[in-house]
Structures are given as C-alpha cells and as structure tokens.
Amino acid sequence: AVQMINHNATPNAEIVWSSNPYHHSEWLNIPPNDLPHKHSGLMFDIIATKSIQPGEEVFLNYGQQWEDAWNEHLRQWTPPPPPPRHPAQPPPNHHHNITTYAHPETLNQDWDSPVRTLDEQKTNPYPPNVQTACYYIYDPHKIAAAQGEDASTVETKYYFDYHYDKSFLRPCDILERYYLPDSEKRYYYTVRMRNHGKNVDDDRIPDHVAHVVYDVPHHVIWYTHRPYASDVSLEGAFRRVIGIPDHLMPEVWLNDGRGKGDDAAAAGGDSARLCEGGDEISHAADATCLSQSQ
C-alpha cells in the first residue's frame with residue numbers, strides 16, 4: 001500500500017493505472033457521476049522507475065503540495081505536553097525520566113534488561129504509550145480441569161506451540177520476576193494475560209476470569225504500543241492526503257462540469273486524492289481518502 005512507502009522528491013518508483021484484470025480501465029472514460037456504485041474497480045500499480053537494489057528503500061513523490069505541508073508542519077511542531085503524573089510516580093526531576101513517548105522497538109532492543117513488574121512500574125514507569133505483551137494463545141483444553149470453568153482466577157504453566165507471529169502477541173501484566181533452578185540466570189515471570197480485542201471466540205479469555213500464567217520465559221515478552229498510542233495517534237501528528245498526479249487523471253474527470261483543470265489548479269498540481277487502501281480509487285461519491293501520517 002502507498003502509505004507504507006515514504007516520500008522523496010527524487011523517487012525511484014511511481015504510481016500508474018494497474019494492468020491487473022480486476023482494474024476496470026473502461027471506467028476512465030466515464031464521468032464521475034456515472035461511475036458504477038461499487039466499492040472498488042479502479043486500481044493502481046506501483047512500479048520502479050530505476051534499478052532498485054536489494055535492501056534499498058523504495059520512494060514515491062507525494063507531490064509538491066504534500067511536501068510544502070510537511071515542511072510547514074516541521075516548522076511549527078512542538079513536543080506534546082507530558083502526561084499527568086500518577087501520585088506514586090517520582091517528580092520530573094527525579095533520576096527516573098518520565099518519557100512522554102518511546103518507540104516499543106527501541107525498548108525491545110534492550111534485550112538483557114528485566115521487564116518491570118507492576119509494582120516496579122509505580123515508581124519507574126514505562127512511557128504511557130507502551131505496554132508489555134506476551135506470545136500466548138488461550139486454550140482452555142490445556143488448563144487444569146480441576147480449576148473449573150467458573151473459577152475467578154485460573155493459573156497455568158506457560159505453553160506456546162505456535163510460531164512467533166506478532167498476531168499472537170497479547171497484552172500481559174507482569175506480576176512477578178524470578179529465576180528458575182538451572183535456568184542459567186534467565187528471567188522468568190508470572191503474568192496476567194489479557195485480551196487484545198482481536199481474539200477469536202476460542203482464544204478469548206472469559207471476562208470474569210483473571211488468567212495468571214507462570215514460568216513465562218523472558219524472550220516471549222515484548223513491548224508494543226497501547227491501542228491508539230503510536231506516534232501516528234499523538235496530538236499534533238502530521239496527516240495529509242496524498243495527491244494523484246495530474247497526468248493520471250482522465251480528461252472526462254477534469255471536465256466534470258467545472259471547467260477543465262479547475263480542481264487541479266486549486267490543488268497545486270494534485271488533482272485528486274489517493275483513497276483508502278492506497279491501491280485503488282473508490283466510487284467518487286463514496287470515496288474515503290487516505291490521511292498520511294509521518
């Protein structure tokens with residue numbers, strides 16, 4: 001999708017109308033008001049304009065209007081204010097820094113540091129956008145039957161028989177940290193597993209259950225963004241629609257009863273907006289256009 005490709009004024013790729021058989025090229029000759037009322041039908045391809053080496057980043061040119069807006073955003077941007085401080089947290093001049101934002105991958109690179117327990121986080125908190133997450137799939141068949149389905153707290157030894165795909169990460173609270181005998185000084189944890197809102201029915205922890213898992217190894221605990229807390233969701237984050245170059249716009253669309261090129265001139269060379277999904281244009285009356293965050 002186009003939102004995964006960064007802007008550069010000297011790109012090595014460009015957007016063209018698709019050669020995919022599902023692309024309805026005949027629609028390019030139809031006035032916008034006469035387009036079929038379907039969710040999609042027009043598609044773009046992203047093609048290289050020069051040789052791109054393995055590992056080299058792919059760039060698109062979002063257009064001059066987008067670049068001007070980005071530069072203005074950089075000129076006016078100021079850091080967001082710090083979050084409210086919990087009474088148990090130290091004041092800002094304490095030796096523990098309360099950071100307003102940190103990328104989870106930065107914390108994940110600190111591989112050897114112990115993950116803080118909830119008690120430790122009261123005085124040494126993680127940035128408010130970060131949460132701890134564990135690789136785990138809730139499987140009631142692997143939980144001791146003696147605890148019963150109606151138990152309010154269910155405890156089980158850690159298990160995970162799947163590949164480490166990030167879709168299996170779920171929020172977890174760190175309750176305790178310790179070493180196991182003969183564990184070569186590797187950390188293990190007792191955690192409370194939580195649902196993340198994406199669970200299918202057979203992977204959802206019942207709402208009335210506190211699901212506690214012990215002997216969780218250090219390497220299966222990662223830092224992730226809390227919902228709606230990534231840098232894209234920060235106050236003052238940059239959002240801007242990405243323009244479609246004029247040369248891609250059909251003549252019949254530019255002459256939509258308003259005079260040739262009126263919209264293109266007003267947009268400073270970007271005569272339309274790239275719509276949701278980044279690789280196709282929805283019907284004009286139903287178009288939901290992409291807000292690009294950087």
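This is a predicted model: local features need pLDDT of at least 70, side-chain atom pairs count only at pLDDT 80 or more; totals for chains, interfaces and linings use all residues.

Me: How many residues of strand S5 are buried?
Reply: Six of the six, residues 130-135, so S5 is largely enclosed by the rest of the structure. Buried means under 20% relative accessible area, exposed over 50%, partly exposed in between (1.4 Å probe, protein chains only). Strands are DSSP runs of E, at least two residues, numbered from the N terminus.

Me: Which way do the S5 side chains point?
Reply: Val130, Thr132 and Cys134 point one way, Gln131, Ala133 and Tyr135 the other.

Me: What does S5 pair with in the antiparallel sense over five bridges?
Reply: Strand S10, residues 221-225. Two strands pair if DSSP finds at least two bridges between them. Trp222 in S10 is the bridge partner of Ala133, and Cys134 stands opposite Ile221.

Me: And which residue in S7 partners Tyr135?
Reply: Leu169. S5 and S7 (residues 169-179) pair in the antiparallel sense over three bridges.

Me: What is the strand order in the open sheet?
Reply: S6-S9-S8-S7-S5-S10, six strands with mixed pairing. S6 and S10 are the edge strands, each pairing on one side only.

Me: New topic. Where is Asp165?
Reply: In the loop between S6 (153-157) and S7. Asp165 is partly exposed, at 32% relative accessible area. Asp165 and Tyr135 are 30 residues apart in sequence and 8.3 Å apart in space, C-alpha to C-alpha.

Terms used:
Residues are numbered from 1 along each chain as its sequence is written. Side-chain values use heavy atoms; hydrogens and water are left out. Helices (H or I, at least four residues) and strands (E, at least two) are DSSP runs, numbered from the N terminus.
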